[in-house]
Amino acid sequence: MTDLDEYRDQARAWLAERTADLPPDPGLAESRAFMADLYDAGHVGITWPAEYGGRGLSAAEERAFQQAAAGFTLPVGVFGIGLGMCGPTLLSLGTEEQKRRYIRPLLRGEEIWCQMFSEPGAGSDVASLQTRAVLDGDHWVVDGQKVWTSVARQADFGLLIARTDPDVPKHQGITMFVVDMHAPGVDVRPLRDMTGESHFNEIFFTSVRVPVENVVGEVNGGWSAAVTTLLHERVSIGMGAARTERPASFAALRKAARERGLLGEPGVTDLLLDLYLQERAFDLLNARMSQEVKAGIMPGARGSVAKLLLADLTLAGADVASEILGPESVTGDGPVPRALAWAPGMALGGGTNEIMRNIIGDRVLGLPREPQLDRNIPFKALKVGTQAKEDGE
Ligand SMILES: Cc1cc2nc3c(=O)[nH]c(=O)nc-3n(C[C@H](O)[C@H](O)[C@H](O)COP(=O)(O)OP(=O)(O)OC[C@H]3O[C@@H](n4cnc5c(N)ncnc54)[C@H](O)[C@@H]3O)c2cc1C
């Protein structure tokens, strides 16, 4: 038995013991306690640099842990944005002080993170954002509004992008900040979604003072910082989903069809077969990308392919579930109705399907770029919220 086999077995045994007593729907306190134990046992941040609290191990150990964790449902969803997007952004662009201050508590689940990009008038075109940050001595003063911010209610910190220079074109006058979500002037209001729960929120900023040392990357260099976060986001959404049990998966729906005596019905076989093919394509692409990430090769714009496949797969699973289960698929509070209510959001969160197609066409396939007529016009000359005209009015 190799060291890796031993590590995998130990991790599996640890997970079996630690998850045995978890309640079916763990709350925030249980999730935090679980994450702290997972970290203390050495199973979080396996490949992250040891000097900031990671374990500094190789991709092989990370892979062994993922194999050990397959089949367990871990209550770690609330930490996903920190682990998948904010932490990697700070590791890429943060100062030494930022990495020393934030990475370890993020990995241990002591501090939860959110990502504050979207605004009521800036979603797909996030560079049209209007939240402002104005320098006042050794602080930036933030005023504005964000929306659709996942886990903002639970978050202790967030990565915010705000306009710091309205006199330059919209992509050039943006800066990224670490914002303390408990600071005076930060008002988080939950939004109820179709699941009946509040997974995301709107946030109002009124004269929120952010220390200058909280700038991430360069002042007015926030667009490329945001792109870094979004690239991590698309890869981590895909990989996170690849590791999560899907209630409307091929295996679960084949079992449901068998229990109902529907397996073998021609229509049902076709539906299941299509779902299986989509699932395999998605899983194989993710396996390949996760090997690449662990080998230090970032998938870049190809992360959008995984994100698009996941959105299509999620909706296909929802369709097959409703065919096989009928009204049962949308009534009650079980995992399938919840997954179905959540499914349409997959085609929006992390960038819509149309935007993913634009990115794939432009940056993966080398097709002509979408015209961006407002790209070189100073932000304050634009009528934000309306399409800029060719003549720059
Ligand atoms: C579950 C979920 C979680 C989210 N979590 C977060 C979060 O934590 N932080 C955060 O900042 N945001 C978050 N969002 C917001 C998400 O990033 C935006 O909803 C998304 O970027 C789309 O923006 P929008 O809703 O303003 O739609 P719009 O940008 O207004 O788009 C409306 C429609 O127009 C289409 N469209 C727009 N531009 C183009 C184009 N150029 N070409 C073709 N079609 C186009 C879109 O595809 C869409 O169908 C979340 C959203 C969801 C659903």
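Predicted model: local features only at pLDDT ≥ 70, side-chain atom pairs only at ≥ 80, totals over all residues.
Leu277 sits in helix 8, which covers residues 266-294.

## Three domains

Let's step back to the whole chain. It is divided into domain 1 (3-107), domain 2 (113-222) and domain 3 (245-364). Between the C-alpha centres of domain 2 and domain 3 there are 31 Å. Six residues from domain 2 and six residues from domain 3 take part in the contact.

## The nonpolar cores

Now for the inside. The largest nonpolar core contains 64 residues, and Trp113, Phe177 and Phe205 are those with the most contacts inside it. Because domain 1 (3-107) and domain 2 (113-222) both supply residues to this core, it lies between them. Another core, of 24 residues, lies apart from it, with Ala248, Leu313, Ile324 and Leu340 among its members.

Phe205 is a handy residue to look up in the structure. Setting aside neighbours within four places in sequence, Phe205 is in contact with Met116, Val142, Asp143, Gly144, Gln145, Lys146, Leu160, Val179, Gly185 and Val186.

## Asn353 in helix 11

Is Asn353 buried or exposed? Asn353 has a relative accessible area of 8%, and buried means under 20%, so this residue counts as buried. Asn353 belongs to helix 11, made up of residues 353-364. With neighbours within four places in sequence left aside, the residues in contact with Asn353 are Leu308, Ala311, Asp312 and Ala347.

Definitions and conventions
Residues numbered from 1 in each chain as written. Heavy atoms only, no water. Core = buried A, V, L, I, M, F, W, Y, C linked by side-chain atoms within 4.5 Å. Buried < 20%, exposed > 50% of the residue type's maximum accessible area, 1.4 Å probe, protein only. Domains from an automatic or database assignment. Contact = heavy atoms within 4.5 Å. Helix = DSSP H or I, 4+ residues; strand = E, 2+ residues; numbered from the N terminus.
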